[in-house]
Amino acid sequence: MLIRGMKGLGDCIYQRAFIRQLRGPVFLETPWPELYQDMPHVRCVRPATELRTQAKNIQRHAKWVRPPSGLGTLNIRYGGAGIYNGMRSAFRVQPGVLDLPGFGSPPVTGRYVLVRPVTVRAEWRADARNPLPEYIAAAAAEMRRRGYQVVSVADLQPGHEWALEPLPAADVRYHAGELPVEQLLALLQGAAAVIGGIGWVVPASIAAGVPAWVVCGGQGGYNAPELITDRAMKTSQLTFAVPDNFCRCTERQHTCDKRIANYDQRFAEWADRLPAVV
């Protein structure tokens, strides 16, 4: 079977739960073969992509498998029905466990929180989805006040991807895509908590069992919490901060109302539930 999979890092994490249910060999087009290193029935096929971060990871790998001719093909897509419901239809199976391979020791020691600043990519703008950057910055500042290290990660490049101000205060910054995906995910797996908007940190936090504070922006027609999670997932450690007038649009460029009342208090209550820094 040849699977023309989704190419985003988060999408490829979600896909693991379905691909583990398929009998091998499975030939999978993916920019992220690292995510399937513990699945011996998966053979990774080099995909075509014009997106910068995906292309950078593809270039790291010299060995790709060429699928045999005549294979049946599955094209993986999802829409407004939700990620897992869309993948159920595309894969034609029910998902298994959502998890990740073990990626070893993180590049940071001590007790830390992983933070994803709010960024914009010129190649795939999704301004409507982004949360207000001041909410991420306020959460990072509060965690530093409580004694945690803050580690901020991004892959910024002038003219291609940039962060929105205010940037979160951080003790360690990896903002130039310095971390290969193995170290990035090891960093998440070793974190005391994760803070960010909608994106790859959502499925990665679920898969790793790491508490996450996820700040929603807009574009709720695709990115509402109930559409990016599912009853098959263990999501008890995931907390969404949803705007009061959550916009259910499906537009990437829309002036969604992203304001959240009593945000600081709500975040403090969430942080109080984390184990104390020792």
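**Note on the cores and the parallel sheet**

1. In this predicted model, the largest nonpolar core has 63 residues, and Leu35 and Trp200 touch the most other members. A nonpolar core is a set of buried Ala, Val, Leu, Ile, Met, Phe, Trp, Tyr and Cys residues joined through side-chain atoms within 4.5 Å. Buried means under 20% relative accessible area (1.4 Å probe, protein chains only). Helix α1 (residues 9-19) gives this core its largest share, seven residues. Helices (H or I, at least four residues) and strands (E, at least two) are DSSP runs, numbered from the N terminus.

2. Local features need pLDDT of at least 70 and side-chain atom pairs 80 or more, while totals for chains, interfaces and linings use all residues. Residues are numbered from 1 along each chain as its sequence is written, and side-chain values use heavy atoms, without hydrogens and water.

3. What does Trp200 contact, leaving aside its neighbours within four places in sequence? Its partners are Leu9, Gly10, Ile13, Leu114, Arg116, Val153, Leu184, Leu185 and Leu188. Contact means heavy atoms within 4.5 Å.

4. A second, separate core has 22 residues, among them Ile136, Val150, Val215 and Leu274.

5. Helix α2 (residues 52-59) has Arg52, Gln54, Asn57 and Ile58 buried. Their cover includes β8 (161-163) and α5 (181-189).

6. Four strands form an open sheet in the order β3-β2-β1-β4, with parallel pairing. Two strands pair if DSSP finds at least two bridges between them. β3 (42-45) and β4 (73-75) are the edge strands, each pairing on one side only. Strand β2 (residues 26-29) pairs with β3 over four bridges. Val26 has Val42 in β3 as its bridge partner.

Note on methods:
Buried means under 20% relative accessible area, exposed over 50%, partly exposed in between (1.4 Å probe, protein chains only).
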